[in-house]
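Let's take a look at one helix and a few charged pairs. Keep the picture handy as you read.

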2 protein chains.
Amino acid sequence: MTQLPNTFFRRLATPIDLLESPGPSDQQLDSVICASANVPDHGNLKPWRIHVIDKAEQKTLSELRLKIYKIKYPNREESIYQAEGKKFLRSPTLLIVKSAVNIESSIPVAEQILSGGAFCQNLLLGFNAIGFGAKWVTGWPAYDSEFLAQLNLKTPNQLLAFIHIGTPKKNIYADKKITAKEIIEDFPSKR
Amino acid sequence: MTQLPNTFFRRLATPIDLLESPGPSDQQLDSVICASANVPDHGNLKPWRIHVIDKAEQKTLSELRLKIYKIKYPNREESIYQAEGKKFLRSPTLLIVKSAVNIESSIPVAEQILSGGAFCQNLLLGFNAIGFGAKWVTGWPAYDSEFLAQLNLKTPNQLLAFIHIGTPKKNIYADKKITAKEIIEDFPSKR
């Protein structure tokens, strides 16, 4: 009987600093984003939005990031501020994926957010499928109310992911060896 | 330049009532579950668990579901109770996917939950890849504290999905036509 190879969902998760130009073209971005949106989405709410952050916008966003960081963490060494200011500049293309929850719908918010998690996973696999490395990261800005306000993002919405995309200098895969035992639990009634 | 076909993430989302026996074998379940666990999981926490609910356990779980439902919604028509009591019995195999958040970790809970959304998406695609139909559903039990207590599930954990799996009587695909315009938003600085 057919089984699924352990490498079926292997991801091209080359570290961000090894993601070089070119990033995906506008057409490639559109094709991956549209295909990836085919996720379970109860009520067909499409409760997710994407900002495509090109190089110029990466600079604007980096300045914002650093400004807030300096207020949050004054008196750090200059080298730390420099590193912080470069975080959004490390790849040719940066996506911000955020939820766009419909709070008037009967579909629970938690479920709309999870649809976004599914969407992000498709995005990674989709960019990989056309040869790009893609890394899903978060970090403090994903949870910082001032940063999020600049993206017009308010509770119950979440910044789901920063996804860095580029041409991998080397192919480095995310490989996890997980056994079924670690994940599958007996049904409580059996215990 | 390579683009991603719109059907790349097409899912075999045959309605649950058309999912027949056989469901996946134990080996097939293990192979799909292990492969699907290869998702972004910051800190390598593996913050998700699965119960595989076979036919006998589906009966136990259905009785529990109906018992709680009758207390929540007394005085409904008998036909409604009958339908409710069958919800978990509709496919050969039922998975319960739940989060298993590590609250002592520095990784935010929201991020651990999203990793679970990515995992569920892989599960759907994985079962499809070996010929099974798979449907991700929730419904009231996913949010009912009494039902969740029976699964030892407490806040901040969530029941992420009930996934019904079986051999599709007909191949019915989830096809969404989504345009990039609906999802991609300009960066706020542009407005």
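## A helix on the inside

A residue counts as buried when its relative accessible area is under 20%. Keep in mind that this is a predicted model. In helix 4 of chain A, 18 of the 21 residues are buried, so the helix is largely enclosed by the rest of the structure.

Helix 4 of chain A runs over residues 109-129. From its first C-alpha to its last it reaches 30 Å, close to the 30 Å expected at 1.5 Å a residue. Just after this helix comes A:Gly131, with a positive phi of about 95°.

## A pair within chain A

Side chains of opposite charge can pair when their charged atoms come close. Over all chains, the count comes to 14 salt bridges.

One of them joins A:Arg10 and A:Asp175, with the closest N and O atoms 3.1 Å apart. A:Arg10 sits in the segment before strand 1 of chain A and A:Asp175 in the loop between strand 7 and helix 6, so the pair ties together parts that are 165 residues apart in sequence. A:Arg10 is partly exposed at 34% relative accessible area, and A:Asp175 is partly exposed at 45%.

## Pairs between the chains

A:Asp41 and B:Lys176 meet in a salt bridge at 3.4 Å, N to O. This pair crosses between chains, from a loop of chain A to a loop of chain B. Both A:Asp41 and B:Lys176 are buried.

A:Lys98 forms a salt bridge with B:Glu185, and here the closest N and O atoms are 3.1 Å apart. The pair also crosses between chains, from strand 4 of chain A to strand 8 of chain B. A:Lys98 counts as buried at 5% relative accessibility, whereas B:Glu185 is partly exposed at 26%.

Definitions and conventions: Residues numbered from 1 in each chain as written. Chains lettered and ligands numbered in written order. Predicted model: local features only at pLDDT ≥ 70, side-chain atom pairs only at ≥ 80, totals over all residues. Heavy atoms only, no water. Helix = DSSP H or I, 4+ residues; strand = E, 2+ residues; numbered from the N terminus. Expected span 1.5 Å × (residues − 1). Buried < 20%, exposed > 50% of the residue type's maximum accessible area, 1.4 Å probe, protein only. Salt bridge = Lys/Arg side-chain N within 4 Å of Asp/Glu carboxyl O.
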